[in-house]
Structures are given as structure tokens and as C-alpha cells.
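Work through the exercises below with the sequence and the 3D view side by side. Each task is followed by its solution in steps.

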Amino acid sequence: MVDNNIEDILEQTAAFASQHAGDDCDRLVFNASKYPGVDMALAVDTILGRERISRKVRQFASVDGLLYPDRLCVEQCSSDSCACYKAFLVSDLLKQDSVSGIGRNDMVNASKTGTFRPAGSVVDITGGLGVDAYYMSFAVPRVCCFERNTLLALCVRRNFRMLGRGNIEVRNETVSGDNMESLLAGTAPLLVYADPARRGKTGGRVFAIRDYEPDITSMTELVFAHCRYFLVKISPMEDIDAIFNALPQCREIHAVSSGGECKELLLVLDREFSGADVGTRKRVAVSLYSKPEGMAASCRSVCFAGNRKEIRDEYIGNGCFAARFGFTKDEESATAPSFVKSADEIKEGMSLVVPSPAILKTGAYNLFAAGNGLKKLDVSTHLYLRNGLPSSPAAAKENPAGAGVDEDEAGTAAGTGMPDGYGLMKAYRILEVYLLDKKGLAALSARIQGRADVTSKNIPLSSDELSRRLKIKSGGSAHVWGCRAAGKNILLLTEKNF
């Protein structure tokens, strides 16, 4: 690109990408010489990036003309629901700190009105495509975003203008331990955010937190010289205990799941927190989802090992809800769940309850059972049994006022007809139960007649191997579970309830 024509080239390239959406990108590159005013590499990256972004960030996809200069950035950027949760968390932290008057309702209202209360700034030291910065800009008056790649910084700055986010400043600078002091001194942050790269110099993935770029473990004290909070997004593959051990000032870790998988871990590093045992630090299981139309947020208090705790379903904005459950490892260890005593207890019409990936990642196996009135199938089988069926979303919509719903009934939120912690679980109606042997496999295969989703849990067969033995393909409304229950390997034929 020629420096004095950058803006013109960006505009021409954006228009070209819009006009040629869906075209053969290889042919466009081959014919690049026909379009001297267009940066063809950027145009092709943008065409491909727009296709991907439409599945991840609806707000960006709704604005024609945005530029996406880096395919890896598009691949690794947060989804809109995950980014929205970070903004919600930032708002929560600043509210707790009493530095900012911005709270949850303010963030939601700000997203609608574009107005903000006076406060400080959030500094994003790793930039990227700017999805997280975009949503955080609705939670605070100002966001300062540092991006080291010149072209990416130019495009993101232009994108923010088109998105109407005039309160985000994009700086083309690399943040390191050498210059962080001077950069932060000029931004007066209330919170610093980082999404460090999880690829090494050779391009391969890295998983140890000290191998990320930048190394946030070496930056913590520099950040704390300017603000109380350092919020860090890392890979969901990281071990939670290892993170707590590596970062003494990590107060809590949020495991965020969406679309059936754990997407990320969010570390809340707090300058005023230090020295607590790993077992007493907070783990928060977060499941992001869209509730059926007409459903309200809910909260209930449950008793775990003598301690009163909350399971919350909260609206976080952008049409998204977050089901959250916070606990400590010591609380999990002190909780004794109920177990299925015999596989014969499992009957047709009961519910098989499957915890969200966030519950599994944080390790709330016993608390999940105790808090929801469930029985575990086996010690290492993280599937649960419930008598009867929880309310389905359809039933809840038909009964929005909660008529006939008992507030003390296990698993339903009074006034909503919805199961408590709706987003933290899936429930399947049990249709039939078989032993996992030749006779049971043959009977179930004949019953299914060719199609069902299959999952194995705590048995010496993978899901693929179980599918082959059942001679079925994926699909249909049925779901087969091969699992261990009360010391026996069994097969459950189920259908999804919610």
C-alpha cells in the first residue's frame, strides 16, 4: 500500500469486496492487475472473512463494508455472545470496585441509547479484530486498543468508525514490558484486558500460560501499578489448578461455554487479592444461550454443604443470557452427591441430565448433582438421573406466569416454568434401557432403524466404535448414550427434552 493513498485504497478495496462477494477468489487474485486501486490480498481476505464473521459476530456481519485483513484474526476472535459476556463481566467488576457507577442495567441501556456515565477507560493491549473492544465500549466511556499489525490497526480503526463506536481509540503499537509503563500512564485505565496469542513462533499452538505472547505472567505487576483489574482470556485447554498456582493474584476463573463447547477461560487478576489457597478461589461455570421468547431472567438460592449459593440465569445484552454458577474446589470436595444404587432404578420417562461443558471444565460434578436434586449414574460418569421431566421451553412459554409451578419443586424456577440453571444443562427423556452386551446392542439397533446421535461416557468404547457396533449413522431425533451406571455398562435410548 502507498501511505498517502491508504484511505482511498481501503475504501476501494471494501467496495470491491462487497461487489465480488461469492466470486472465485483464486480468479480474483489471478486478475489482480486489472484493479490497480484495489489491494487484492486484502479484498480476498475480506471476502473470506465476511463469510466466517457472519457465523460468529452478527453485529459486524450486519454492517456492509467492514474489512477483515487477517484470516487468523477472524478465526480466533471472540463470538458476539462471548464478547458480550466479557463486557458484562467488566461492568460487574467495575461496579464491585465502586470506581465506576456503571452497572449491568447501565450497560444494557447504553447499548440501546449510546450514552455513558462518567468513568475511566479499559485498555485492550492485544487488539486483534476488536470484537471484545467493541462490546466493552458499551460498558465504559472509553476503550483504548493497542494493535501491533499496521494494516490490521488501520482496518479496525475504520471498522469502528463504520460501527459508530467513536469512543474506541486504536493505536498501532506493540505493548511489551519495556513500554507498558509509559503507555498505561497515558490512558488512566480502570481495567486492562489481554487476549494473548496462543501460537508459538513456528505457528504451532501452545497451551502453557507462560508460552503465550505476550507473557502476561511477567506483566501483572506493571498492570497493577495503574489499575486494580487485569482480565485475561486464555485457552479452555489450560488446567484451572495450574493457572491458580501460577498466578497468586488470580481471584477467580470463568469457564465460558457456548454452542455445546467450552470456548475460553477468563482470568480475573485482582491487585487486592493474594495468597489464598487454590481450594478457596472462585470458579465460575458460565453457559451462554438464547432463551425462548418471553422468558425472564431467574435466580434461586440452594444449599451446598451448609452454604447458601446461587444459580443465576442473567440477561447480558445482545439477545443473550448467561447461566452462572460460582463455587470453590473446597465446596465441591465437601459435597456428597446421591448415586444411582442400581441400574434397575433407571426407568422409561425419567430424565437423563447432561451438564454443560462449563460445569465439566470447572469440576462442579458433586455440586451440580446436589444443587439440582439429581443422582449421579456412577463416580466417574458425569451424567445424572432425575425422576420425571423438567419443564421444556415450549411448556414454559405456554405458562409464562408460572401457574401451577411450585417454588419448592426441584428444578423449576418459580414464576417462569423453566428449570433452574436452564443454560447449565441439557435434559433427555429416557425411552428405553438396555445392557451393553450383544443382546442389548442387537435390540437397540433394531429399535433405532439406522439413525441416532451416539455418545459414550465412562465405558471402554468410543462414540464412533459404539456407532459402528450399533450399525447406525448420526442424525434423527434420538440420542443413544453408552455409559456406566452403578457398576454396569448400559445403553440409554433418549430424546432431547431441552
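The charged end of Arg 165 sits over the ring of Phe 138, at 4.0 Å from the ring centre; such a placement requires NZ of Lys or CZ of Arg within 6 Å of the ring centre and within 35 degrees of the ring normal. The model is predicted, so local features need pLDDT of at least 70 and side-chain atom pairs count only at pLDDT 80 or more, while totals for chains, interfaces and linings use all residues. Residues are numbered from 1 along each chain as its sequence is written, and side-chain values use heavy atoms, with hydrogens and water left out.

**Exercise 1. Classify the ring pair of Tyr 134 and Phe 138.**

Step 1. Rings of Phe, Tyr and Trp (its six-membered ring) pair if their centres lie within 6.5 Å; planes under 30 degrees apart are stacked, over 60 edge-to-face, and the rest tilted. By this rule there are 10 aromatic pairs.

Step 2. For Tyr 134 and Phe 138 the centres are 5.3 Å apart and the planes stand at 85°, so the pair is edge-to-face.

Step 3. Tyr 134 is buried at 4% relative accessibility, and Phe 138 is buried at 11%. Buried means under 20% relative accessible area, exposed over 50%, and partly exposed in between (1.4 Å probe, protein chains only).

Step 4. Ring pairs join Tyr 134 and Phe 138 with Phe 60 and Tyr 135 in a cluster.

**Exercise 2. Find the strands that pair with strand S7.**

Step 1. Helices (H or I, at least four residues) and strands (E, at least two) are DSSP runs, numbered from the N terminus.

Step 2. Two strands pair if DSSP finds at least two bridges between them. Strand S5 (residues 229-234) runs antiparallel to S7 and is joined to it by 6 bridges; here Phe 230 stands opposite Leu 269.

Step 3. Strand S6 (residues 250-258) is also antiparallel to S7, with 8 bridges. Ala 255 has Leu 265 in S7 as its bridge partner.

Step 4. S6 and S7 form a hairpin with 2 residues between them, and Gly 259 in the turn has a positive phi of about 60°.

**Exercise 3. Describe the surroundings of His 254.**

Step 1. His 254 belongs to strand S6. With 2% relative accessibility, His 254 is buried.

Step 2. A polar contact is a pair of N or O atoms within 3.5 Å; within protein, one must be able to donate a hydrogen and the other to accept it, and residues adjacent in sequence count only if both atoms are side-chain atoms. The side chain of His 254 has such contacts with the side chain of Tyr 85 at 2.8 Å and with that of Glu 252 at 2.7 Å.

Step 3. Contact means heavy atoms within 4.5 Å. Leaving out residues up to four places away in sequence, His 254 touches residues including Leu 89, Glu 264, Val 284 and Arg 324.

**Exercise 4. Which residue forms a salt bridge with Lys 233?**

Step 1. A salt bridge is a side-chain nitrogen of Lys or Arg within 4 Å of a carboxyl oxygen of Asp or Glu. The count by this rule is 25.

Step 2. The partner of Lys 233 is Glu 264, with the closest N and O atoms 3.6 Å apart. This pair links distant parts of the chain, since Lys 233 is in strand S5 and Glu 264 in strand S7, 31 residues apart.

Step 3. Both Lys 233 and Glu 264 are buried.
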